[in-house]
Amino acid sequence: MKLHFLGANRQVTGSRYLLEAAGKRIMIDCGMFQERKFQSRNYEPPPVDLNTVDTLLLTHAHLDHCGLIPRMVKRGYKNPIITVDPSADLAEIIMLDSAKIQVEDAKYKLKRHKKTGKKAKFGYDPLYTVQDAQNAVKLIQPVAFHQPVQLGDSITATFHESGHILGSAFIEINIQENGNKQTLVMSGDIGQWDKPLINDPELFNRADYIVMESTYGDRLHKDSGPIEDQLAHIINDTVQRGGNIIIPTFAVERAQELVYFIGQLAKADRIPDIGVYLDSPMASKVTKVFHRWCKYLDEEARCNPSTKGCQGADVLRFDGFKLVSATEDSIALNTLKGPNVIMSSSGMCTGGRIKHHLKNNITNPNATIVFVGYQAEGTLGRIISNGAKEVRIHGQNFPVNAKIAHLHGLSAHGDRDDLLHWLSDCNTPPKQLFLTHGEERGAEALSKVIKSELGWNVTVPEYQDVVELG
Ligand SMILES: [Zn+2]
């Protein structure tokens with residue numbers, strides 16, 4: 001049997017693998033390459049024939065794991081896509097949203113190039129359309145955790161909790177070939193332990209081969225104290241000054257975690273009664289998926305089954321909190337008398353409604369802008385969070401007078417010690433551990449630690465490497 005590494009190798013996005021075993025070709029994830037340097041791979045012909053793939057297994061619904069599925073379907077893929085219940089709903093939201101962006105980007109590129117006389121290397125066809133994404137959604141077959149899925153006579157795949165986002169899984173693949181039984185474990189993305197909404201990652205006690213992410217392979221998350229305490233301080237301090245609290249947030253998971261933490265503070269009267277708005281159509285849809293699949297949440301976050309007419313996760317509801325979807329409701333937030341908490345996407349301020357809220361608040365010394373996650377190089381979020389005195393938004397310059405704050409500890413990815421913890425129950429060394437989904441430095445650093453602490457064979461594959469397993 002063979003494993004092809006087709007993305008997220010010595011870089012973080014574009015997760016994609018092809019397993020050839022027992023006469024089957026199984027793809028695991030098919031994510032979009034998001035780093036500028038690697039984006040051309042989204043357009044290039046795929047390195048393997050996708051139409052001969054029998055099944056696609058999806059670990060979770062982040063764009064860097066599912067974002068190229070509609071492209072694959074556009075190229076003719078028609079077989080099942082298997083993933084866990086909530087991931088099926090989330091992947092639909094994310095692929096459709098991505099399709100709209102692809103179509104708009106392609107149009108915009110054509111317009112820009114007409115003006116400048118440039119020519120696009122891959123033409124002006126969008127990567128895929130809404131129709132392609134809808135066709136992909138039709139192929140999804142949702143399953144539950146721990147329910148082995150039979151892929152032909154000799155292979156089963158079982159999804160286990162990976163604690164990263166709602167519905168996220170690592171996949172255990174058992175293969176019977178030539179009288180030999182082999183187990184391959186694909187990590188997907190591994191989360192942190194003790195998160196309020198999501199179950200802890202599960203452990204496993206044996207595997208012949210393991211493929212593990214290494215996003216934070218060389219880092220430990222900074223401990224800045226409980227998130228509720230950090231948030232209470234920021235909110236109370238800003239309310240006293242009379243300004244708004246503006247939080248750029250990612251629509252999936254991060255937004256719901258913030259709603260949870262602010263809800264806890266409101267219910268415990270640790271913050272005053274103020275309006276709390278989640279202003280993002282996508283985050284609103286995602287929050288509804290949390291309600292629908294509340295049985296997949298951490299035990300404390302599920303609705304109380306004894307409550308009659310219970311409709312989802314009560315921890316994501318509290319007085320004063322509103323989901324905002326319609327454009328006119330979003331615009332109406334500008335006229336509200338403060339102070340209020342406004343959460344909006346995108347999380348790195350690269351587009352979307354957050355830009356309007358920044359324009360309305362960034363010049364106000366009484367307001368606070370709160371960053372809740374990683375801000376990539378070159379993004380407006382990075383520029384503001386680095387302390388720029390003036391920023392450009394929608395072609396206009398604004399002095400940054402608002403207070404800038406950072407909330408630490410909300411990462412969806414485990415750090416180095418979490419990744420080691422995830423391996424800790426595996427009591428016999430695997431034949432090989434492959435590290436992927438991490439920049440070179442992180443992956444190599446983690447490889448060293450695992451080799452010296454556990455004595456395992458570890459490799460960090462390159463893009464398009466093919467290894468023989470057996
Ligand atoms: Zn992820």
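This is a predicted model: local features need pLDDT of at least 70, side-chain atom pairs count only at pLDDT 80 or more; totals for chains, interfaces and linings use all residues.

Let me begin with the overall division of the chain. The domain assignment gives two domains: domain 1, which comprises residues 2-219 and 413-468, and domain 2, which comprises residues 227-406. Their C-alpha centres are 29 Å apart. To the contact, domain 1 contributes 13 residues and domain 2 contributes 17 residues. On the side of domain 1 that touches domain 2, eight residues are nonpolar, two are polar and three are charged.

I turn now to helix packing. Two packed helices are described by the angle between their axes and the distance between the axes. Helix H3, residues 85-116, packs with helix H7, residues 281-292, at an angle of about 170 degrees, and the axes are 10 Å apart. On the H3 side, the contact is made by Pro86, Asp89, Leu90, Ile93 and Asp97, and on the H7 side by Met282, Lys285, Val286, Val289 and Arg292. Six of the residues in this contact are nonpolar, four are charged and none is polar.

The second pair is H5, residues 227-241, and H6, residues 254-267, whose axes come within 10 Å and cross at roughly 70 degrees. That angle makes H5 roughly perpendicular to H6. Here Ile227, Glu228, Leu231 and Ala232 of H5 meet Phe261, Ile262, Gln264 and Leu265 of H6. The contact of H5 with H6 has six nonpolar residues, one polar residue and one charged residue.

Next, the backbone. Most residues other than glycine have a negative phi, and most peptide bonds are trans. Which peptide bonds are cis here? Pro339 is located in the loop between helix H8, residues 327-332, and strand S15, residues 340-344. Another cis bond joins Ser345 and Ser346, with omega about 15 degrees. Ser346 belongs to the loop between S15 and H9.

As for phi, Asn178 is not a glycine, yet its phi is positive, at about 50 degrees. Asn178 sits in the loop between strand S9, residues 169-177, and strand S10, residues 180-186. Is Asn178 buried or exposed? Asn178 counts as exposed, because it has 9 C-beta neighbours inside 10 Å, and the limit for an exposed residue is 12 or fewer. His394, also a residue other than glycine, has a positive phi near 50 degrees. His394 lies in the loop between strand S17, residues 390-393, and strand S18, residues 396-399. With 9 other C-beta atoms within 10 Å, His394 is exposed.

Thr363 is partly exposed, because 13 other C-beta atoms lie within 10 Å. Which residues does Thr363 contact, leaving aside its neighbours within four places in sequence? Thr363 is in contact with Phe398, Pro399 and Asn401. By contrast, the C-alpha atoms of Thr363 and Pro70 are separated by 41 Å, and these two residues are 293 residues apart along the chain.

Thank you for your attention.

Key
Residues are numbered from 1 along each chain as its sequence is written. Domain bounds come from an automatic or database domain assignment. Two residues are in contact if their C-beta atoms, placed from the backbone, lie within 7 Å. Ala, Val, Leu, Ile, Met, Phe, Trp, Tyr, Cys and Pro count as nonpolar, Asp, Glu, Lys and Arg as charged, and the others, Gly among them, as polar. Axes are lines fitted to C-alpha atoms, for helices over the stretch in contact, and angles run from 0 to 180 degrees between N-to-C directions. Helices (H or I, at least four residues) and strands (E, at least two) are DSSP runs, numbered from the N terminus. A residue is buried if 20 or more other C-beta atoms lie within 10 Å of its own, exposed if 12 or fewer, and partly exposed in between; C-beta atoms are placed from the backbone. Angles under 35 degrees count as roughly parallel, over 145 as roughly antiparallel, 65 to 115 as roughly perpendicular and the rest as oblique.
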